[in-house]
Amino acid sequence: MSLELAHVTIDSENAAALAGFYAELLDRKVDPEASEYFATVGGAPTLMFIKVPDKTPGKNSVHLDLHTPERRAQVERALALGAKQLGEFDEYGARWTTLSDPEGNLFDIGESR
């Protein structure tokens, strides 16, 4: 299996407000369940906005979310290519692994539950 680009994820102070800006800019729709904590803007790729407590200096405020039914195998493949694993977590119905690329940029590989 290959990886698919699932989302472009953007850290925000208010997810719904920032999603509204991009929805207007791109002539797309914000999901009806949008809140200050989590929102998406439909289209390809989906834009996903997540509230963060503060924008950490040096942390990507935008990162790729890659999706696959074979998360563990794709994480191992990324590690073999030079990525570093930083953590794992469950969020919004998926299991995610956070990695950094060889230059330190963050990305996630996820698998729906």
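1. In this predicted model, strands S5 and S6 (residues 94-100) run antiparallel to each other and are paired over seven bridges. Within this pair, Glu 91 has Ala 94 of S6 standing opposite. Strands of a sheet can pair in a parallel or an antiparallel way, and the pairing is made through backbone hydrogen bonds.

2. The sheet as a whole comes next. Seven strands make up an open sheet, in the order S2-S3-S1-S4-S7-S6-S5, and the pairing is mixed. S2 and S5 (84-91) are the edge strands: each has a single partner strand, so one side of each has no neighbour in the sheet. On average, neighbouring strands of this sheet are turned by 25° against each other, with direction ignored.

3. Across the pair, Phe 38 stands opposite Ile 50 in S3.

4. Are the residues on the two faces of S2 (residues 38-41) buried or exposed? Phe 38 and Thr 40 on one side are buried, and so are Ala 39 and Val 41 on the other.

5. Thr 68 belongs to the loop between strand S4 (62-67) and helix H2 (71-80). Thr 68 counts as buried because its relative accessible area is 1%, and the cut-off for buried is under 20%. A polar atom of the Thr 68 side chain lies 3.1 Å from the backbone nitrogen of Glu 70.

6. The salt bridges number seven. One of them joins the side chains of Glu 88 and Arg 71, at 3.5 Å from N to O. This pair links distant parts of the chain, with Glu 88 in strand S5 and Arg 71 in helix H2, 17 residues apart. The two partners can be read separately: Glu 88 is partly exposed at 34% relative accessibility, whereas Arg 71 is buried at 10%.

7. Another salt bridge, at 3.0 Å from N to O, is formed by the side chains of Arg 72 and Glu 76. These residues are four apart in helix H2, so about one helical turn separates them. Arg 72 is partly exposed, with 35% relative accessibility, and Glu 76 is partly exposed as well, with 42%.

8. Asp 90 and Arg 95 also meet through their side chains in a salt bridge, at 3.3 Å from N to O. Asp 90 counts as partly exposed, at 47% relative accessibility.

9. The last point concerns a nonpolar patch. Phe 21, Leu 25 and Leu 26 form this patch on the surface, and together they have about 310 Å² of accessible area. Leu 25 is part of helix H1 (residues 15-26). Why does Leu 25 count as exposed? Its relative accessible area is 55%, and the cut-off for exposed is over 50%.

Technical notes:
Residues numbered from 1 in each chain as written. Predicted model: local features only at pLDDT ≥ 70, side-chain atom pairs only at ≥ 80, totals over all residues. Heavy atoms only, no water. Buried < 20%, exposed > 50% of the residue type's maximum accessible area, 1.4 Å probe, protein only. Pairing = 2+ DSSP bridges. Polar contact = N/O pair within 3.5 Å; in protein donor to acceptor, adjacent residues only side chain to side chain. Patch = residues over 30% accessible without salt bridge, like charges linked within 9 Å, V, L, I, M, F, W, Y side chains within 5 Å. Areas by Shrake-Rupley, 256 points an atom, 1.4 Å probe, with all protein chains shown as cover. Salt bridge = Lys/Arg side-chain N within 4 Å of Asp/Glu carboxyl O. Axes fitted to C-alpha atoms, helices over the stretch in contact; angles between N-to-C directions.
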